[in-house]
Amino acid sequence: MRGPRKAGVALPEWSLKIEGVRQRRNLSPAEFGRQLGVSAMAVSRWERGVAEPPGETYIRLGNLADESLCWFFWKRAGLRLSDVVRVLPAAHRQLADRRIPEVSFVRAGARRKHSWTKASLVAIPLLPVHAGSPGSPGDNIDLAEIPPESVLAAPTEWCPNPASTICLRVKGNSMSPLILDGYIIAVDTSDIEPDKVVGQIVVASHREKGLLVSRLIRFDHTDALVSDQREYEALPAAAGSDWRIVGKVLWWTGRAR
């Protein structure tokens, strides 16, 4: 039996999608619960938005859902497509290849002829995604799922791990004067170990708050994401927190103001 829903209270998206999966499979709460290894009461609490399933149940929900919904549930469990391709080298290479569109090369500079030497460049995909600086919301999206809108060429020495490097735009000015609103940042997504990026500017991800660009600082063995503008509150980033490191910011660029 389902309990009553609170009148006038909007249900969270995850609650509606769980109910939708059950109804599309034409299952009662008890039958649905048996497939997930939980009670009918647990299903009722999810569908009323009273309690949210744990991560392992979200994995099972993703296995039961169709292709259009499976990744919604797996992301709620903390799993990202980028995590999957990180441990599957072949899939990682295919994803990197799909991200690079055709590139037309032109030579910039004076019109007079020069003797040019060969340059070694990396074409980095620019994703149509914003990472918010503290105080500004970032996009909540799995970076591995997004096709690029363009590419940026950079010297190879600027990109130690080319296959794992992407470019994003920044929203907000709380990382000024280094990084301003609208700047483009290059992010090495292979650098995610906190011990290796302490003191560096990083991009972090939160399943509710989206992408954040900030500095990873360690205070008495506790990691935190902090703004370069001290009026913004530090966010805990220790193991077990809801924030995870997506990658280290290698460099940034932007138009003159």
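Reader: Before we talk about strand β3, what does buried mean here?
Author: Happy to start there, and please keep in mind that this is a predicted model. A residue counts as buried when its relative accessible area is under 20%.

Reader: With that in hand, how many of the 7 residues of strand β3 are buried?
Author: Strand β3 covers residues 165–171. The rest of the structure largely encloses this strand, because its buried residues number 5 of the 7.

Reader: Which residue of β4 is the bridge partner of arginine 169?
Author: Let's follow arginine 169 across the strands. On one side, β1 (residues 121–132) runs parallel to β3 and is joined to it by 4 bridges, with histidine 130 opposite arginine 169. β3 and β4 run antiparallel, joined by 5 bridges. In β4, the partner of arginine 169 is isoleucine 184.

Reader: Which element of the protein chain has the highest mean pLDDT?
Author: The chain as a whole averages a pLDDT of 83, and 81% of its residues score at least 70. Helix α7 (residues 89–99) has the lowest mean among the elements, at 54. The highest mean, 95, belongs to strand β4.

Reader: How are helices α2 and α4 oriented: roughly parallel or roughly perpendicular?
Author: The axes of α2 (residues 29–36) and α4 (residues 55–64) come within 10 Å and cross at roughly 110 degrees. Angles of 65 to 115 degrees count as roughly perpendicular. Therefore α2 and α4 are roughly perpendicular.

Reader: And which residues of α4 make the contact?
Author: From α2 come Phe32, Gln35 and Leu36. The contact residues divide into 4 nonpolar, 1 polar and 1 charged. On the α4 side they are Arg60, Leu61 and Leu64.

Definitions and conventions:
Residues numbered from 1 in each chain as written. Predicted model: local features only at pLDDT ≥ 70, side-chain atom pairs only at ≥ 80, totals over all residues. Heavy atoms only, no water. Axes fitted to C-alpha atoms, helices over the stretch in contact; angles between N-to-C directions. Helix = DSSP H or I, 4+ residues; strand = E, 2+ residues; numbered from the N terminus. Parallel < 35°, antiparallel > 145°, perpendicular 65-115°, else oblique. Contact = heavy atoms within 4.5 Å. Nonpolar A, V, L, I, M, F, W, Y, C, P; charged D, E, K, R; others polar. pLDDT = per-residue confidence, 0-100. Buried < 20%, exposed > 50% of the residue type's maximum accessible area, 1.4 Å probe, protein only. Pairing = 2+ DSSP bridges.
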